Amino acid sequence: MPNVYDRLAALGITLPKAPPPVANFETHRIAGQLLFLSGQGPTEADGFMHRGKVGATVDRETAYRHARLTGINLIAVMQEALGDLNRITGIVKLLGMVNAVPEFEHHPAVINGCSDLFVELFGPEIGRHARSAVGMGSLPSQITVEIEAIVEFAR
């Protein structure tokens, strides 16, 4: 697998500073060789949060881009927690939540924004993962998506 930082550069991605927690929790927790990442949302480096209801004010393609941005924020937390993204040996599991109208049926297609990024960046052996993609009646600050992750890493 190529160096993760070379892949980031090839994809044109500059990691932002890891977003701080918005309430009384930590952005990550390490247990053994697993890194548990708290939910992140589609927050730009300048702090702007993408908000809206998928299927009403936000279309599926835009929500996909929001999930990709959320993936970048998760990677920023991985960097902060581990100090070196090349230590990651597997993206184990994602839980993707979509702030959607009840009739919306394409939650997996939205969360693919994050999943596709992880496979592009880490390659299929490390980047493919188990996943759930579910709809929510609302999310904090009315963000469009929230995603949490479990990551395996080498000591």
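**View 1. Burial and overall dimensions of the chain.** Of the 155 residues in the chain, 44% are buried. The model is predicted. The C-alpha trace extends about 45 × 35 × 30 Å along its principal axes. The accessible surface amounts to about 7,700 Å², with 52% of this area belonging to carbon and sulfur atoms. Of the contacts between residues at least 6 apart in sequence, 81% join residues at least 24 apart.

**View 2. Order of elements along the chain.** Four helices and five strands are present. Read from the N terminus, the elements follow the order α-β-β-α-β-α-α-β-β. The radius of gyration is 15 Å, close to the 15 Å given by the globule rule for 155 residues, so the chain is as compact as a globular protein of that length.

**View 3. The open sheet.** The five strands are arranged as β1-β2-β5-β3-β4, with mixed pairing. On average, neighbouring strands are turned by 15° against each other, direction ignored.

**View 4. Pairing of β1 with β2.** Strand β2 (residues 34–40) pairs with β1 in the antiparallel sense, over four bridges. R29 is placed opposite F36 of β2.

**View 5. Helices against the sheet.** Helix α2 (residues 60–82) packs on the sheet and touches β1, β2, β3 (88–99) and β5 (145–153). The direction of α2 makes about 140° with that of β2. Helix α3 (residues 107–122) lies across β3, β4 and β5, and runs at about 160° to β3.

Notes
Residues numbered from 1 in each chain as written. Predicted model: local features only at pLDDT ≥ 70, side-chain atom pairs only at ≥ 80, totals over all residues. Heavy atoms only, no water. Pairing = 2+ DSSP bridges. Helix = DSSP H or I, 4+ residues; strand = E, 2+ residues; numbered from the N terminus. Axes fitted to C-alpha atoms, helices over the stretch in contact; angles between N-to-C directions. Contact = heavy atoms within 4.5 Å. Rg over C-alpha atoms; globule rule 2.2 N^0.38 Å. Buried < 20%, exposed > 50% of the residue type's maximum accessible area, 1.4 Å probe, protein only. Areas by Shrake-Rupley, 256 points an atom, 1.4 Å probe, with all protein chains shown as cover.
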